[in-house]
Amino acid sequence: MDTTLLLNVEGIKKTILHGGTGDLPNFITGARVTFHFRTMKCDEERTVIDDSKQVGHPMHIIIGNMFKLEVWEILLTSMRVSEVAEFWCDTIHTGVYPILSRSLRQMAEGKDPTEWHVHTCGLANMFAYHTLGYEDLDELQKEPQPLIFIIELLQVESPSQYQRETWNLNNHEKMQAVPILHGEGNRLFKLGRYEEASSKYQEAIVCLRNLQTKEKPWEVQWLKLEKMINTLILNYCQCLLKKEEYYEVLEHTSDILRHHPGIVKAYYVRARAHAEVWNEAEAKADLEKVLELEPSMKKAVQRELRLLENRLEEKREEERLRCRNMLG
C-alpha cells in the first residue's frame, strides 16, 4: 500500500490500495467515468453506508456536468484505470452525500434507475427533505461527518466514445437533438411501435422543458419552445390513445387547453379520448370546438361523430340484451 497521499485540495487524503495501468486518463469535459465505490463512516467499525458492488451496477459521472457530489470528480481525476484508492474526505466535502445516497438506494430498490445519473447540485434541495426515508441518512444529514470512499476506476470514455443521454447535452446540443428525436418518434409511430415512439417524444419534451427554464415565461423564446412542447405532447398523446391510456390523454390535453385554448389538435385528441371512456357530451363539445376553430376539418369531425354514434348504439344494444337476459 502506498503512503497516504495528500491531494492538492483541503480536507482530502488519498491512499492507493492497488496501482492502476497506463498514463493518467484524459479527463476532458464531457468524458464519462465509470467506477465502483464503497462509502464508509470513519468509526471504529468503518460502517458501510453504500456499496455499488453489492447493488451490482457500477456508477458513472460526466466530467464538468455539475455532479451532485462535486468531490467525486476531484477524486476520480487523480486516478488511473484499474486503480483502487481510499479517500478520506472531511465534512466540507461530504455534506450533500445523504441526498446522493438516497437516490442511489432508490435505484437499487428499482424505484427509478435514472437516479443513478444524478447531475444537479444538491445544496439547493438539501433542506427540502424533512426525512430522506432512511434512518442512517437522516442522522448523517443532521450531523455531517467525514467519510471514507474506496473507489475502483473502471473506464474513462471521451464524449465521442459513448452515446450521450439528453440531460448530458449542452443547450445547443439539446436544441439540435429535438428534431432528431421528433422524427424518430414519428417513424416508430408509423411502424406501430408506440411504446418506443412515446419514449422518443418524452425525451424531446424533457430537452425543451430544460431549455424553457432558462427563458422568461411568456416572452417570445419561451412561447416558441412552448409551441414545440405542445406539439410533442400531442404526439405523445396519440401514442397513449393507441395504448388505451385514455385518462392520461385527458389529463395532458386538458392541461394544454387550460393555458392555450386555441389549439385545435388538442380538442380533437381530447375528443377521441372522451369518446373512448363514454363521455358523450364532452366528446361532442370538443368536436364542435374543432369545427369552430378549423372548419376545414369537417370531414374528420363527421367521421369521429359517426364512430361515436356507432359505438354508443352498440353499447345501448348490449345493455338492452343484458336487461332482457336478467328479466328472462
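A: Let us begin with a side chain, keeping in mind that this is a predicted model. Phenylalanine 37 has a relative accessible area of 3%, and because buried means under 20%, phenylalanine 37 counts as buried.

Q: Which kind of aromatic pair do phenylalanine 35 and phenylalanine 37 form?
A: To read a ring pair, one looks at the distance between centres and the angle between planes. Phenylalanine 35, itself buried at 0% relative accessibility, forms a tilted pair with phenylalanine 37, with 6.4 Å from centre to centre and 55° between the planes.

Q: What does the pair of tyrosine 97 and phenylalanine 149 tie together?
A: Tyrosine 97 belongs to helix α4 and phenylalanine 149 to strand β7, so their pair joins parts that are 52 residues apart in sequence.

Q: Where is isoleucine 151, and which residues does it touch?
A: Isoleucine 151 is also placed in strand β7, where it is buried with a relative accessible area of 0%. Its contacts include Phe35, Phe37 and Trp72.

Q: How do helix α6 and helix α7 pack?
A: For two helices, one reads the angle between their axes. Helix α6 (residues 171-190) and helix α7 (residues 194-212) pack at about 160° with their axes 8 Å apart, and are therefore roughly antiparallel. Their contact has twelve nonpolar, five polar and five charged residues.

Technical notes. Residues are numbered from 1 along each chain as its sequence is written. This is a predicted model: local features need pLDDT of at least 70, side-chain atom pairs count only at pLDDT 80 or more; totals for chains, interfaces and linings use all residues. Side-chain values use heavy atoms; hydrogens and water are left out. Axes are lines fitted to C-alpha atoms, for helices over the stretch in contact, and angles run from 0 to 180 degrees between N-to-C directions. Helices (H or I, at least four residues) and strands (E, at least two) are DSSP runs, numbered from the N terminus. Angles under 35 degrees count as roughly parallel, over 145 as roughly antiparallel, 65 to 115 as roughly perpendicular and the rest as oblique. Ala, Val, Leu, Ile, Met, Phe, Trp, Tyr, Cys and Pro count as nonpolar, Asp, Glu, Lys and Arg as charged, and the others, Gly among them, as polar. Buried means under 20% relative accessible area, exposed over 50%, partly exposed in between (1.4 Å probe, protein chains only). Contact means heavy atoms within 4.5 Å. Rings of Phe, Tyr and Trp (its six-membered ring) pair if their centres lie within 6.5 Å; planes under 30 degrees apart count as stacked, over 60 as edge-to-face and the rest as tilted. Lists of a residue's contacts leave out its neighbours within four places in sequence.
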